[in-house]
Amino acid sequence: CKNREIGVFNGIMWEPPPSERYVMRHARPPRPANLKIYEAHLGIAGTEERIHTYLDFKDILPRIKRLGYNALQIMAVAEHANASSFGYQVTSFFAPSSRFGTPDELKELVDTAHAYGLTVLMDLVHSHCSSNQVDGIAAMDGTDHCYTHGGHKGKQDQWHASLFDYGKYEVLRFLLSNIRWWIEEYGFDGFRFGGVTSMLYISHGIGKHFGHDYHQYFGMDADTESGTYMMLANYLVKRLLPRSGLTIAEDFSSMPTLCRAVDDGGFGFDYNLSVNIPPMWAKLLQEQPDETWSVSRVVKNLQKRRFKEPCITFAESHDQAKAGARTLASNLMDAEMYAHMSIAGPESVVIERGLALHKMIRLVCIGLGGE
């Protein structure tokens, strides 16, 4: 909860009387055979110029179900002092963000989603923590190596973040208990692990061009401590939720064995997120007229994944929105969107063509991008 007098987020014990606590009423749905994810940042998921809440989002759940989705992925759940980070600079790992309501209201949202048969996934940031020493856990004991590595090894300069030291038992306990907390206390069914590439490599994958050389993956740059943590985390999720537990890795390096079971020597993720596809569409739209696109190159890029590796594909990413990039619709229809999107106004060839191509892009991603 934010102390508005001094601008600091304070950790507050939430323990309402038993009569006021929300009690989960609906069973978790089984793990979907064919995953179709609706991703949302709850605070900006409404139409009004305000921060929307957990309870506001309940009204959107019927629409999500009607559109054919079977999973809901929620961003920015864990508390973060910097709202502009979209929840990726976590300061309180066990606290749901107070911006969107109370912890019991989050439970009510998750339970209602379960009532609609939706699997509920959380964007989990265990690749790093905020370097904010006032609100967060960085330098909690006065040193730079409490939960994180000390010195330069403990910093991710591109993110201005501090990096966990997965070689410490205390850090492993902290992060694994955090996973269990979100599952058992709030009813989440799984997680999308952000920043997995940064965790896999000591170099964080910066400046590397991954290809067919396995030394790029398993050489001296491999971070075995974080790899061990991910195996433990995935094992824990499956142990706690054998029927419904689900994990997704955000990795652009295509690490081999990422989606193989832990018992088989893999990392244990269920899916890899195809993070290279949205930039491909953005690049095509910005640099080439669509009538000159190479269809064979599009098909090749959409199918660029390891044999039989379960992948989740998407046409555009929230990462692009965070960086200020244009949406697919904006690239396709530009200024025409502001004057000719209404069915009450005159028809526009630009709008009609843009909408048709938008649908085709999504269709080809569904058909070729996943596994």
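Predicted model: local features only at pLDDT ≥ 70, side-chain atom pairs only at ≥ 80, totals over all residues.

Biologist: Which residues does M341 touch, leaving aside residues up to four places away in sequence?

Modeller: M341 and E352 are 11 residues apart in sequence, and their C-alpha atoms are 9.3 Å apart in space. When residues up to four places away in sequence are not counted, the residues that M341 touches are M333, E336 and I351.

Biologist: How far apart are the closest N and O atoms in the salt bridge of R353 with D290?

Modeller: R353 is in helix α13 (residues 349–369) and D290 is in the loop between α8 and α9, so that the pair links distant parts of the chain, 63 residues apart. R353 is partly exposed at a relative accessible area of 44%, and D290 is partly exposed as well, at 23%. The closest N and O atoms of R353 and D290 are separated by 2.7 Å.

Biologist: How many residues of the contact of α8 with α9 are nonpolar?

Modeller: The helices meet in a right-handed crossing, where I277, M280, W281 and L284 of α8 are in contact with V298, N301 and L302 of α9. In the contact of α8 with α9, no residue is charged, one is polar, and the number of nonpolar residues is six.

Biologist: How are helices α4 and α7 oriented, roughly parallel or roughly antiparallel?

Modeller: Helix α4 (residues 169–186) packs on helix α7 (residues 224–240) with 10 Å between the axes and an angle of about 30°. Because the limit for this class is under 35 degrees, α4 and α7 are roughly parallel.

Biologist: How many residues of the contact of α4 with α7 are charged?

Modeller: α4 passes α7 in a right-handed crossing, and α4 contributes L172, L175, L176, I179, R180, I183 and E184, while α7 contributes Y229, L232, A233, L236, V237 and L240. Of the residues in the contact of α4 with α7, 11 are nonpolar, none is polar, and the number that are charged is two.

Biologist: Which helix holds E108, the salt-bridge partner of K58?

Modeller: K58 and E108 form a salt bridge in which the closest N and O atoms are 2.7 Å apart. K58 is partly exposed, with a relative accessible area of 23%. The pair is 50 residues apart and links distant parts of the chain, with K58 in helix α1 (residues 54–58) and E108 in helix α3 (residues 103–115).

Biologist: How many salt bridges does a search of the whole structure find?

Modeller: Among them is the one in which the side chains of D334 and R326 meet at 2.6 Å, N to O, with D334 partly exposed at 43% relative accessibility and R326 partly exposed at 39%. E48, R50 and D56 are also linked, in a network of salt bridges. The search of the whole structure gives a total of 16.

Biologist: How does A76 count by relative accessibility: buried or exposed?

Modeller: Most residues other than glycine have a negative phi. A76, however, has a positive phi of about 55° although it is not a glycine, and A76 is found in the loop between β4 (71–75) and β5 (78–79). Its relative accessibility is 3%, so A76 counts as buried.

Biologist: And how does K308 count by relative accessible area: buried or exposed?

Modeller: K308, which is not a glycine, also has a positive phi, of about 65°. K308 is found in the loop between α9 and β14 (311–312). With a relative accessible area of 56%, K308 is exposed.

Key:
Residues numbered from 1 in each chain as written. Heavy atoms only, no water. Left-handed = near helix turned anticlockwise from the far one by under 90°. Helix = DSSP H or I, 4+ residues; strand = E, 2+ residues; numbered from the N terminus. Contact = heavy atoms within 4.5 Å. Nonpolar A, V, L, I, M, F, W, Y, C, P; charged D, E, K, R; others polar. Salt bridge = Lys/Arg side-chain N within 4 Å of Asp/Glu carboxyl O. Buried < 20%, exposed > 50% of the residue type's maximum accessible area, 1.4 Å probe, protein only. Axes fitted to C-alpha atoms, helices over the stretch in contact; angles between N-to-C directions. Parallel < 35°, antiparallel > 145°, perpendicular 65-115°, else oblique.
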